[in-house]
Amino acid sequence: MAMASLARRKAYLLTRTRYAPSSSGSGLNYSSARCFATSGSDENDVVVIGGGPGGYVAAIKAAQLGLKTTCIEKRGTLGGTCLNVGCIPSKALLHSSHMYHEAKHSFASHGVKVGLVEVDLPSMLGQKDKAVSNLTRGIEGLFKKNKVTYVKGYGKLISPSEVSVETLDGENTIVKGKNIIIATGSDVRSLPGITIDEKKIVSSTGALSLSEVPKRLVVIGAGYIGLEMGSVWGRLGSEVTVVEFGPDIVPTMDGEVRKSFKRVLEKQKMKFKLETKVVGVETSDAGIKLTLEPAAGGEQTIFETDVVLVSAGRIPFTAGLGLDKLGVEMDKAGRILVDHKFTTNVPEVFAIGDVIPGPMLAHKAEEDGVACVEFIAGKEGHVDYDLVPGVVYTHPEVASVGKTEEQVKALGVDYRVGKFPFMANSRAKAIDDAEGIVKIIAEKETDKILGVHIMSPNAGELIHEAVLAVHYGASSEDIARTCHAHPTMSEALKEAAMATYDKPIHI
């Protein structure tokens, strides 16, 4: 089967062009880039509204392709939600809080004796802010290097080729462009009857900057963001309770892996109230009283806490952009509708990232941005949303690509499953961090990999071998017969692949 798989791969590579039509629709410390206000007579090839992961990547790529490019960003710092108040600061706090937790609970077993271990929250938050500042300045440096014009202000479309910008210094300017890309990202989804003040009732943004470790924290929503931020404050000493309307945490996750993940979080003292809704909030100096009720209705209960994190998802940020006046079509969820070239129904206007259908992830937005400007430049671009990896950055992390077992079952495809626990992985045992599993789902007849799911330390790094394998149509035998260095965590992926088409060695 391995030789047949190799032959299939060679044939695939010979016939596959680099881009195919879509089937699914530096912490460098540069000085600040100059903020230009283009005059009405200056016409750009590309104007990007939004400087987040999708927008700034699109702008840089467009400039690299020889297109005169301007990027407009209202925040005053580049990187969008992800870099400023999302992916990057949360990962900084996840790492710092994990270091504290390890020092407090694990160092002694490794023969490292320390004295009193305390949380210095201002220093921890300062390290987070420093990382963000360095990275935002790094993007400004990349703009300067690639000759991207950067306008700081709020952009609004007044025609298919003109953007009116209220600059941060109080002026107004018109930026003209042959092609305009909407890359304004997303915003926090609010809940009826709950007012976010970013002090006691916080969004993910406020949860990054709490002035003290709350004794009790309630997280509303058991998705990626809620579980990550709940983990941060739980490690630092908070009693964390997650309230979720649905029956499961992270509903997009493979069911078997999700159950294991929930058990791990519960071992870390995170508590869950599933199939529960918040119907009332009362705030006082003494704290917060939440009125809870079963999702299906029933007897209400009062739950007291000190801080509430509202983490019920995100919504596209399209308000105030002038899209309605231009007649840009959107769906009921407020997402901009585009074709496979990211073009809206207004030919000169494009959209990428969180404002269009697809997973709301920074790396997906980056891929959108590159593909979009390649189309604008007369080339071919492609993003396969079925191959966008997802990662929950808790400890252990959970990462996946492709289909879950539930999805494969629903398709009626005959399949095989191979699993391998990290308890049987020598590197994981050596470092005493062996909580987790690798699960591979492959088509029974062809052995083609359909999905890979990993729960382990650094699963977000391990998943990319699987992403590449699924992208090129690999079989589980292809991974199983690929030599993996020993001892490494990645050997668990190899063993799971062996378990899928044959038998593993070490269990």
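Asn-458 sits in the loop between β21 and α13. Its phi is positive, about 60 degrees, although Asn-458 is not a glycine. The model shown here is predicted, and every value below is computed from it.

Glu-275 has a positive phi of about 50 degrees, and it is not a glycine either. Look for Glu-275 in the loop between β10 (271–274) and β11 (276–284). How exposed is Glu-275? Its relative accessibility is 48%, so Glu-275 counts as partly exposed. The cut-off for exposed is over 50%, and buried means under 20%.

At 19% relative accessibility, Val-278 counts as buried, because the limit for buried is under 20%. Which residues does Val-278 touch, leaving aside those up to four places away in sequence? They are Ile-194, Ile-220, Val-243, Leu-290, Thr-291 and Leu-292. Gly-193 is 85 residues from Val-278 in sequence. In space, their C-alpha atoms are 9.2 Å apart.

Now go to strand β1 (residues 43–49), which holds Val-46. Val-46 is buried, and its relative accessible area is 0%. What surrounds it? Beyond residues up to four places away in sequence, Val-46 touches Ala-62, Leu-67, Lys-68, Thr-69, Thr-70, Asn-179, Ile-181 and Ile-376. Met-330 gives another point of reference for Val-46. The two are 284 residues apart in sequence and 22 Å apart in space, C-alpha to C-alpha.

Ser-204 is the next stop. This residue lies in helix α6 (residues 204–207). Is Ser-204 buried or exposed? With a relative accessible area of 11%, Ser-204 is buried, since buried means under 20%. Its contacts, not counting residues up to four places away in sequence, are Val-188, Ile-225, Leu-309, Val-310 and Arg-314.

Next comes a pair of helices. Two packed helices are described by the angle between their axes and the distance between the axes. Take helix α4 (residues 87–105) and helix α7 (residues 224–235): their axes come within 9 Å. They cross at roughly 35 degrees. The crossing of α4 and α7 is left-handed. Which residues meet there? From α4 come Ser-90, Lys-91, Leu-93, Leu-94, Ser-97, His-98, Tyr-100 and His-101. From α7 come Glu-228, Met-229, Ser-231, Val-232 and Arg-235. By type, the residues of this contact between α4 and α7 divide into 5 nonpolar, 5 polar and 3 charged. The spacing along a helix follows from its turn. An α-helix has 3.6 residues a turn, so residues three or four places apart point the same way.

Turn now to the other end of the numbering, to helix α15 (residues 491–501). Why is α15 described as largely enclosed by the rest of the structure? The reason is that 9 of its 11 residues are buried. The buried residues of α15 are Glu-491, Ala-492, Leu-493, Glu-495, Ala-496, Ala-497, Met-498, Ala-499 and Thr-500. Several elements cover them. Among these are the strands β19 (415–421), β20 (437–443) and β21 (449–456). The cover also includes the helices α12 (426–430), α13 (459–471) and α14 (476–480). Asn-458, where this tour began, is in the loop between β21 and α13.

The loop between α14 and α15 contains Pro-487. The peptide bond from His-486 to Pro-487 is cis, with omega near -5 degrees. Another cis bond runs from His-395 to Pro-396, with omega near 0 degrees. Pro-396 is found in the loop between β17 (390–392) and β18 (397–402).

Finally, step back to the whole chain. How many helices and strands does the protein chain have? There are 15 helices and 21 strands. The C-alpha atoms fill a box of roughly 70 × 70 × 50 Å, taken along the principal axes. For 507 residues, a compact globule would have a radius of gyration near 23 Å; the protein chain has 24 Å, which agrees. Of these 507 residues, 50% count as buried. The accessible surface of the protein chain comes to about 23800 Å². Carbon and sulfur atoms account for 53% of that surface.

Terms used
Residues numbered from 1 in each chain as written. Predicted model: local features only at pLDDT ≥ 70, side-chain atom pairs only at ≥ 80, totals over all residues. Heavy atoms only, no water. Axes fitted to C-alpha atoms, helices over the stretch in contact; angles between N-to-C directions. Helix = DSSP H or I, 4+ residues; strand = E, 2+ residues; numbered from the N terminus. Left-handed = near helix turned anticlockwise from the far one by under 90°. Contact = heavy atoms within 4.5 Å. Nonpolar A, V, L, I, M, F, W, Y, C, P; charged D, E, K, R; others polar. Rg over C-alpha atoms; globule rule 2.2 N^0.38 Å. Buried < 20%, exposed > 50% of the residue type's maximum accessible area, 1.4 Å probe, protein only. Areas by Shrake-Rupley, 256 points an atom, 1.4 Å probe, with all protein chains shown as cover.
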